[in-house]
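This report covers backbone geometry, nonpolar packing and surface charge, in that order.

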Amino acid sequence: ITDECINCGACEPECPNTAIYEGGVEWTFAGGTTLNEIDLGDGTLMKASEKQSPVSDELYYIVPDKCTECVGFHEEPQCAAVCPVDCCVPDPEHEEDEE
């Protein structure tokens, strides 16, 4: 979500992965799911309900590790589809693939 965000919040309820949060709000991997633990990729397990620091304090933000760009849910990212100012754009450093 770019700096052009007007903090309207239209994107948040559209996210099937609960990967979008209001600025300043802590997030969890479990958010909206029954997930109990998550593997951090190095064999370390963490409680999925453990609160994480906000990615942004001012604007709505997307947690890259939770976002799947709606792959498996919709034909296109729903945040981008509903954004009135087109500030939900792909992040080339966190591209999702079909796998």
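The structure is a predicted model. Cys-70 sits in the loop that connects strand 4 (61-62) to helix 1 (78-82). Although Cys-70 is not a glycine, its phi is positive, at about 65°. A second residue other than glycine with a positive phi is Asp-86, where the value is near 50°. Asp-86 belongs to the segment after helix 1.

Are these residues buried or exposed? Cys-70 has a relative accessible area of 6%, and the cut-off for buried is under 20%, so Cys-70 is buried. Asp-86 has 60% relative accessibility; exposed means over 50%, and therefore Asp-86 counts as exposed.

The table sets out the two residues.

| Residue | Phi | Relative accessible area |
|---|---|---|
| Cys-70 | about 65° | 6% |
| Asp-86 | near 50° | 60% |

Next comes the nonpolar packing. In soluble globular proteins, nonpolar side chains tend to be buried together. Here the largest nonpolar core consists of 12 residues. Another core, of nine residues, lies apart from it and includes Phe-29, Ala-30, Met-46 and Ala-48.

On the surface, a patch of negative charge is formed by Asp-3, Glu-4, Asp-57 and Glu-58. Of these, Glu-4 is located in the segment before strand 1 (20-21).

Key. Residues numbered from 1 in each chain as written. Predicted model: local features only at pLDDT ≥ 70, side-chain atom pairs only at ≥ 80, totals over all residues. Heavy atoms only, no water. Patch = residues over 30% accessible without salt bridge, like charges linked within 9 Å, V, L, I, M, F, W, Y side chains within 5 Å. Areas by Shrake-Rupley, 256 points an atom, 1.4 Å probe, with all protein chains shown as cover. Salt bridge = Lys/Arg side-chain N within 4 Å of Asp/Glu carboxyl O. Lys, Arg positive; Asp, Glu negative; His and termini not counted. Charge placed at Lys NZ, Arg CZ, Asp CG, Glu CD. Helix = DSSP H or I, 4+ residues; strand = E, 2+ residues; numbered from the N terminus. Core = buried A, V, L, I, M, F, W, Y, C linked by side-chain atoms within 4.5 Å. Buried < 20%, exposed > 50% of the residue type's maximum accessible area, 1.4 Å probe, protein only.
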